[in-house]
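User: Please take a close look at a single part of this model, and then place it in its wider setting. I would like one connected account, with the cut-offs behind each term stated.

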Amino acid sequence: MNLTLSQRLSLVFSILLLACCGASAWLQIRANIMHEKEVVQGLSRGLARSIALDAQLMHAEDDTTATQGISPEAVRRLFSRLMDVNPSVEVYLLDMDGRIVGHAAPNGSLKRDHVGLEPIRRLLANEPLPIQGDDPRSETGRKVFSVAVLRAGERKVGYIYVILQSEEHDRLAARATASSVLRTTLWSMVVVAALVLIAGLIAFRLITRPLRRLTTTMRQLDTKADQLTLPVAVPDAASQRDEIAVLEHAFGDMASRINDQWKTMRQLDHDRREVVANISHDLRTPLGSLHGYLETLSLKDETLDAAERQRYLGIALAQSQKVGRLAQALFELARLEHGSVQPELEAFSLSDLIQDVFQKFELQAAERQVRLMATLPHPAPMVRADLGMIERVLTNLFDNALRHTPAGGEVEITVQPGAGKVVVTVADTGPGVPAAMRDNLFRRPVALQGEYRVGGLGLLTVNRILQLHHSSIELVSEPDLGAVFRFTLDAA
């Protein structure tokens with residue numbers, strides 16, 4: 001059967017309800033039967049004692065067939081009259097071993113010639129009712145009974161054993177099961193069970209309604225759409241304790257997270273495409289120039305003098321160096337993005353590192369007529385970071401600043417120690433970064449457009465290195481300044 005979860009649960013609930021109703025009916029009938037037996041046995045408990053006191057059981061002095069002071073013929077006549085007066089009882093005379101020695105039953109109706117004495121002793125000891133003893137007219141049946149000791153003078157000669165629910169009683173009881181009263185009772189139980197079943201199914205359907213709603217929503221979910229749309233459940237005090245409502249809210253949160261991740265992946269894919277496009281453009285220009293000059297040297301080698309040949313070779317060499325630097329930057333960025341490079345932390349003086357970087361750019365700054373300035377605290381702050389990586393960060397920032405600061409401008413680095421951190425700021429007096437390029441400045445290279453600055457691979461490398469140091473770089477807006485970059489390092 002291809003049933004839904006709700007249908008399977010409803011089916012199981014129905015089966016369990018019917019089983020419980022059947023078990024309840026059986027237990028009720030069983031309890032009624034046992035109650036009836038207890039009442040009958042309690043009311044008729046003294047019946048056997050009354051029979052035992054009847055003098056007619058004892059034989060007359062001239063009765064030559066009497067044995068042990070008991071007249072069998074008197075027993076049969078008395079038992080017959082008692083059973084005629086009360087057909088629901090059967091009377092038997094037992095000896096002290098439980099053997100049946102007198103009765104008024106038709107010939108061939110007895111299935112036993114003796115009964116067990118254990119129930120007799122329990123009844124005589126006044127144990128709780130009902131107590132069932134052996135039925136002489138059944139090989140295995142047991143029924144409630146009354147019993148009394150029969151005495152001849154001071155001597156015990158046997159037991160009066162009275163079955164309180166005779167075969168005639170059983171036949172009438174079986175016939176009564178088809179009566180209108182029993183049918184009415186059974187029909188009442190069926191109606192009650194049906195009403196309980198209907199009410200239970202309605203309640204179960206109301207309880208599982210959020211689950212069906214969530215199932216319908218998930219089936220209608222378009223996994224090929226740009227945005228996964230799920231209804232946002234508003235949690236309240238009641239739904240926080242409802243597992244299905246919590247599940248529905250969790251699916252909504254999951255869809256929201258998937259949408260955010262999908263946006264991030266699309267943005268990363270878009271950035272990757274732009275990186276490839278920009279790098280291809282940056283490589284095409286120097287490679288085309290290099291190819292052109294080499295081809296010119298190859299074709300006009302005989303007509304070029306030594307000075308022209310040297311100029312062409314110098315231009316080709318400069319273009320090849322540009323391609324080499326770009327390839328090296330790509331290689332470094334790839335290693336950082338792949339995660340194969342991890343910072344080796346050590347304590348060092350940030351002032352000494354800044355001095356080394358100044359010496360590296362001293363000639364380039366002089367050629368561009370740009371002043372290099374540093375504002376350092378005293379004493380010199382110590383930081384804990386990877387020395388080589390932080391040198392690369394400062395090198396890239398200074399290289400960008402010098403390339404985009406006009407003659408007569410300044411490039412300044414400022415170090416400010418704080419609570420467990422050291423704040424580093426690199427500022428220039430160039431044109432700055434346009435607002436349209438700020439959001440993606442540290443995610444992809446930015447192409448040169450007129451007087452705009454180039455973000456390039458350098459800033460991507462800087463951002464990734466600082467991320468490995470659990471830090472980040474930000475572009476700060478400062479009046480009367482161009483581009484201002486700021487990052488923090490852990491103090492040693």
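Analyst: Strand S10, residues 421–428, is largely enclosed by the rest of the structure, because 6 of its 8 residues are buried. Buried here means under 20% relative accessible area, exposed means over 50%, and partly exposed lies in between (1.4 Å probe, protein chains only). Strands are DSSP runs of E with at least two residues and helices are runs of H or I with at least four, both numbered from the N terminus. The model is a predicted one, in which local features need pLDDT of at least 70 and side-chain atom pairs count only at pLDDT 80 or more, while totals for chains, interfaces and linings use all residues. Residues are numbered from 1 along each chain as its sequence is written, and side-chain values use heavy atoms, with hydrogens and water left out.

The pairing of S10 comes next. Strand S10 is part of an open sheet of 5 strands, ordered S7-S9-S10-S12-S11, whose pairing is mixed; two strands pair if DSSP finds at least two bridges between them. At the edges of this sheet stand S7 (371–375) and S11 (473–476), each with a single partner strand, so one side of each is left without a neighbour in the sheet. From one strand to the next the twist averages 20°, with axes taken as lines fitted to C-alpha atoms (for helices, over the stretch in contact) and angles running from 0 to 180 degrees between N-to-C directions.

On one flank, S10 pairs with S9 in the antiparallel sense over 7 bridges, and Val422 of S10 stands opposite Pro417. These two strands form a hairpin with 3 residues between them, where Gly420 takes a positive phi near 75°. Strand S10 also pairs with strand S12 (residues 484–490), again antiparallel and over 7 bridges; here Val426 faces Phe485 in S12. Beyond S9 (residues 410–417), the pairing with S7 is parallel and comprises 5 bridges, with Leu372 opposite Val411 of S9.

Strand S3 pairs with strand S4 (residues 142–152) in the antiparallel sense over 3 bridges, and Asp134 has Arg142 in S4 as its bridge partner.

Side chains of opposite charge can pair when their charged atoms come close. The structure holds 11 salt bridges, a salt bridge being a side-chain nitrogen of Lys or Arg within 4 Å of a carboxyl oxygen of Asp or Glu. One of them joins Asp134 to Arg112, at 3.4 Å from N to O. Asp134 lies in S3 and Arg112 in the loop between S2 and helix H4 (118–124), so the pair ties together parts 22 residues apart in sequence. Both Asp134 and Arg112 are buried, and Arg112, Asp134 and Arg142 are linked in a network of salt bridges.

Other salt bridges involve partly exposed residues. Glu127 and Arg122 form one, their closest N and O atoms being 3.1 Å apart; Glu127 is partly exposed with a relative accessible area of 33%, and Arg122 is partly exposed at 29%. Asp399 and Arg403 form another, also with closest N and O atoms 3.1 Å apart. Asp399 and Arg403 are 4 residues apart in helix H11 (residues 387–403), which separates them by about one helical turn. Asp399 is partly exposed, with a relative accessible area of 25%, and Arg403 is partly exposed at 33%.

Two further helices complete the account. In H7 (residues 209–219), the buried residues are Pro210, Leu214 and Thr217. They cover an arc of only 60° around the axis, which puts them on the same side of H7; the arc is that of the directions from the helix axis to the C-beta atoms.
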